[in-house]
Amino acid sequence: MTELRTQVREDANETVKYDEYSESIRSMLDKHIGGVEIQESKGAYLVGNMGKDASPEEMSDDDARNKKDVFTGRITKMIE
């Protein structure tokens with residue numbers, strides 16, 4: 001009965017066998033991500049303060065358009 005439930009879940013795309021994709025994911029990561037070295041941080045990143053020093057008034061039109069496209073892309077991915 002357990003095997004039947006497992007098969008039904010797979011047929012209904014409710015579960016994914018990640019083992020089938022592990023090799024392609026590994027090769028994709030190896031192809032697109034290359035680390036040169038790891039460096040220790042020289043301090044702490046205060047996440048609460050990030051973005052507080054941004055001045056949209058001082059941005060050029062191209063910079064503002066690029067930032068808008070980044071945010072729009074993130075929101076679109078979250079909605080999908």
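Partly exposed here describes a residue whose relative accessible area falls between the buried class, under 20%, and the exposed class, over 50%; at 47% relative accessibility, Arg-26 therefore counts as partly exposed. The model shown in all views is predicted.

**Figure 1. Overview of the chain, a predicted model with three helices and zero strands.** From the N terminus on, the elements follow the order α-α-α. The radius of gyration is 22 Å, well over the 12 Å that the globule rule gives for 80 residues, so the chain is more spread out than a compact globule. Along the principal axes, the C-alpha trace spans about 65 × 35 × 25 Å. Buried residues account for 0% of the 80 residues, and the chain exposes about 8,400 Å², of which carbon and sulfur atoms supply 53%.

Figure 2. Arg-9 itself, at 46% relative accessibility, counts as partly exposed. Just after H1, Asn-13 adopts a positive phi of about 60°.

**Figure 3. Close-up of the nonpolar surface patch that includes Val-16.** The patch covers about 720 Å² and is made by Val-16, Tyr-18, Tyr-21, Ile-25, Met-28, Leu-29 and Ile-33. One of these residues, Val-16, lies in the loop between H1 and helix H2, the latter being residues 22-32. With a relative accessible area of 44%, Val-16 is partly exposed, which places this residue over the 30% that a patch member needs.

**Figure 4. Close-up of the salt bridge between Glu-23 and Arg-26 in helix H2.** The side chains of Glu-23 and Arg-26 meet with an N to O distance of 3.5 Å, which is within the 4 Å cut-off for a salt bridge. Both residues belong to helix H2 and stand three residues apart, about one turn of the helix. An α-helix has 3.6 residues a turn, so residues three or four places apart point the same way. The two partners fall into separate accessibility classes: Glu-23 is exposed, with a relative accessible area of 53%, whereas Arg-26, at 47%, is partly exposed.

**Figure 5. Close-up of two salt bridges, Asp-62 with Arg-65 and Asp-69 with Lys-68.** In the pair formed by Asp-62 and Arg-65, the closest N and O atoms are 2.8 Å apart. Asp-62 and Arg-65 both lie in helix H3, which runs over residues 61-79, and they are three residues apart, about one turn of the helix. Asp-62 is partly exposed, with a relative accessible area of 49%, and Arg-65 is likewise partly exposed, with a relative accessible area of 44%. In the other pair, the side chains of Asp-69 and Lys-68 meet in a salt bridge with an N to O distance of 3.7 Å. Here Asp-69 counts as partly exposed at 43% relative accessibility, and Lys-68 is partly exposed with a relative accessible area of 49%.

Conventions:
Residues numbered from 1 in each chain as written. Predicted model: local features only at pLDDT ≥ 70, side-chain atom pairs only at ≥ 80, totals over all residues. Heavy atoms only, no water. Buried < 20%, exposed > 50% of the residue type's maximum accessible area, 1.4 Å probe, protein only. Patch = residues over 30% accessible without salt bridge, like charges linked within 9 Å, V, L, I, M, F, W, Y side chains within 5 Å. Areas by Shrake-Rupley, 256 points an atom, 1.4 Å probe, with all protein chains shown as cover. Helix = DSSP H or I, 4+ residues; strand = E, 2+ residues; numbered from the N terminus. Rg over C-alpha atoms; globule rule 2.2 N^0.38 Å.
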